[in-house]
Amino acid sequence: MSDTAQGTGRRAWYEPDAKLKRRHAADRRLRAYGVAAIVFALTMLMTLVGTIAITAAPAVTQTMVTLNVEVPEGAVDPSDPRGGSYQKILNESVARIFPEVDTPRELRELRQLFSNGGQYALRDKVAADTSLIGRTFEITFPLSDIGDQLHKGVIDRDLPREQRRVSDEQIGWYDRLVEQDRISAPLNWGLIFNADSRFPELAGLWGALVGSFYALLICFLVSFPVGIAAAVYLEEFAPKNRFTDLIEVNINNLAAVPSIVFGLLGLAVFLNFFGMPRSAPIVGGLVLSLMTLPTIIIATRAALKAVPPSIREAAIGVGASRMQTVGHHVLPLAMPGILTGTIIGLAQALGETAPLLLIGMNAFITAAPDSMFNPSTALPTQIYIWADSPERGFTSRTSAAIIVLLGFLVCMNAIAIYMRKRFERRW
């Protein structure tokens, strides 16, 4: 055999092996790119969550002060214990600890260390037990925002006076309270169980949590049955013509419409036309249901399509009607996918801010709503309000509220995954 023929044979023999090596190398690169993308995404997610958690850490505890308070018998009427001058009683208790403070400026700076909510804590305690009138007892209430930040090290006391919010005298008064063992830092349960307040040390999420619950309840009660009914009709009963095609196109388009457009729709229809109460959870729930409906319809239709045609044919073959086939066989088998899509849609609605801002659910509400018709806020709008507040104490509380909101979203998505796994059928 000639050298030319031998060289051609060797090329024919080694060429497929070289291509195979290149394909394997390309596969390894693709896997490496995928792993790198996942690592990058997880790193960014951990960075985001870690940054929020670090910022929220100061809000986990609340700095409290304990004072010995004497309520004189003539200062509070036992028949009307809520009408007493409790701020004056607290000021006298503070003055007994710092007798050397006598100038108006020093008195004003001293009172700035104690929260304005102290008088209400004292009032509630006396109103709950009127036998305290005429006695001396201990009461614990929050320090003010600047006292709380001073205790947690947010305010650097080593900075020059003109660069920090507290004076040298306030630092000295705080240190004396620490020496007298009057300062404590328990868990900040008020962050969850208090309503909103202008004072960061008193502000909480309870009003926003109740408002979000009512809004999501209305959203579920409206969008879930309507969305399923619309999807079942379009997928199982509606004739295939241009009109139904137009409806399907519009539903798909509505799913991509920015949420602020639904807020404008709710402002024009529910508030201006129907005159429904502004800032009420019922209006927020209706607006969110309009936004969630396309998602539920699309998810329900996809779940119905995933049911094998043999199920329908078998049911019709044994004499079931069209309605019985859908109601007894197709819909129950598609329910896991329907519930998954619904929960994901509700989780998306929970995090929406723009439509709720347009209907006024960003009002300053100092009490949780008693019903879905009372003014309220929601978790996303509460975060917006706190983020826009000038007080520095709201910075950590804003991050803590974001953590709470993320926790709700993770729980709702975990429920969706569980329901998918629990009720999933394979054919």
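These notebook entries record what I looked up about salt bridges in this structure.

**Entry 1, ground rules.** I am working with a predicted model, in which local features need pLDDT of at least 70, side-chain atom pairs count only at pLDDT 80 or more, and totals for chains, interfaces and linings use all residues. Residues are numbered from 1 along each chain as its sequence is written, and side-chain values use heavy atoms, with hydrogens and water left out.

I searched the whole structure for salt bridges (a side-chain nitrogen of Lys or Arg within 4 Å of a carboxyl oxygen of Asp or Glu), and the search gave 11.

Glu100 sits in the loop between helix H2 (86-97) and helix H3 (104-111), while Arg176 belongs to helix H6 (residues 168-179), so the pair ties together parts that are 76 residues apart in sequence. Helices here are DSSP runs of H or I with at least four residues, numbered from the N terminus.

I took buried as under 20% relative accessible area, exposed as over 50%, and partly exposed as in between (1.4 Å probe, protein chains only). Glu100 is partly exposed at 38%, and Arg176 is also partly exposed, at 27%.

Arg105 is partly exposed at 39%, whereas Glu109 is buried at 13%.

Technical notes: Helix = DSSP H or I, 4+ residues; strand = E, 2+ residues; numbered from the N terminus.
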